[in-house]
Amino acid sequence: MNDQVYFDNNKEGKYMRKPELAAAIAESAGLSKTKANEVLTALTDEITRAVSGGNAVQLIGFGTFETRRRNERTGKNPQTGEAIKIPASNYVAFKPGKALKEAVN
């Protein structure tokens with residue numbers, strides 16, 4: 001895999017956007033940028049579909065996307081200090097896999 005990272009000219013230069021990721025995939029896999037973008041879109045659509053349906057998506061070595069439940073809780077209105085109830089909600093969690101953890105460290 002190519003060690004060059006394709007960053008957008010963003011303010012901090014610390015994140016890779018979808019076009020840069022698609023370009024990196026295209027170069028690494030020998031695909032056209034259009035085809036790599038289609039693959040990336042299909043991947044994100046399928047992860048979204050699975051996780052929103054209550055399933056976890058596990059990519060061995062990379063990590064796991066899953067839905068978790070946040071219970072109803074009491075919070076404070078920062079302007080008035082008044083206690084408010086924050087309703088229960090679902091959220092998406094990502095747990096990095098061993099290979100990703102090792103790559104970062």
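The model is a predicted one, in which local features need pLDDT of at least 70 and side-chain atom pairs count only at pLDDT 80 or more, while totals for chains, interfaces and linings use all residues. Residues are numbered from 1 along each chain as its sequence is written, and side-chain values use heavy atoms, with hydrogens and water left out.

Three helices and five strands are present (DSSP runs numbered from the N terminus, H or I of at least four residues for helices and E of at least two for strands). Their order from the N terminus is α-α-β-β-β-β-β-α. Of the 105 residues, 16% count as buried (under 20% relative accessible area; exposed is over 50%, and partly exposed lies in between). Among contacts with a separation of 6 or more, 26% join residues 24 or more positions apart (contact: heavy atoms within 4.5 Å).

Now select L59, F62 and F94, which make a nonpolar surface patch of about 240 Å². Patch members have over 30% relative accessible area and no salt bridge; nonpolar side chains (Val, Leu, Ile, Met, Phe, Trp, Tyr) are joined within 5 Å, and like charges within 9 Å. A salt bridge here is a side-chain nitrogen of Lys or Arg within 4 Å of a carboxyl oxygen of Asp or Glu. L59 belongs to strand β1, residues 57-59, and is partly exposed at 33% relative accessibility.

Two aromatic pairs are counted (rings of Phe, Tyr and Trp, the last by its six-membered ring, with centres within 6.5 Å; planes under 30 degrees apart are stacked, over 60 edge-to-face, the rest tilted). F62 and F94 have ring centres 5.5 Å apart and planes at 55 degrees, so this pair is tilted. The pair links distant parts of the chain, 32 residues apart, with F94 in strand β5 (residues 89-96). F62 is partly exposed at 39%, as is F94 at 35%.

Together, F62, F65 and F94 form one aromatic cluster.

Finally, select R70 and Y91. The charged end of R70 sits over the ring of Y91, 4.2 Å from its centre (criterion: NZ of Lys or CZ of Arg within 6 Å of the ring centre and within 35 degrees of the ring normal).

Technical notes
Accessible areas come from the Shrake-Rupley method with a 1.4 Å probe; for residues, only the protein chains shown count as cover. Buried means under 20% relative accessible area, exposed over 50%, partly exposed in between (1.4 Å probe, protein chains only).
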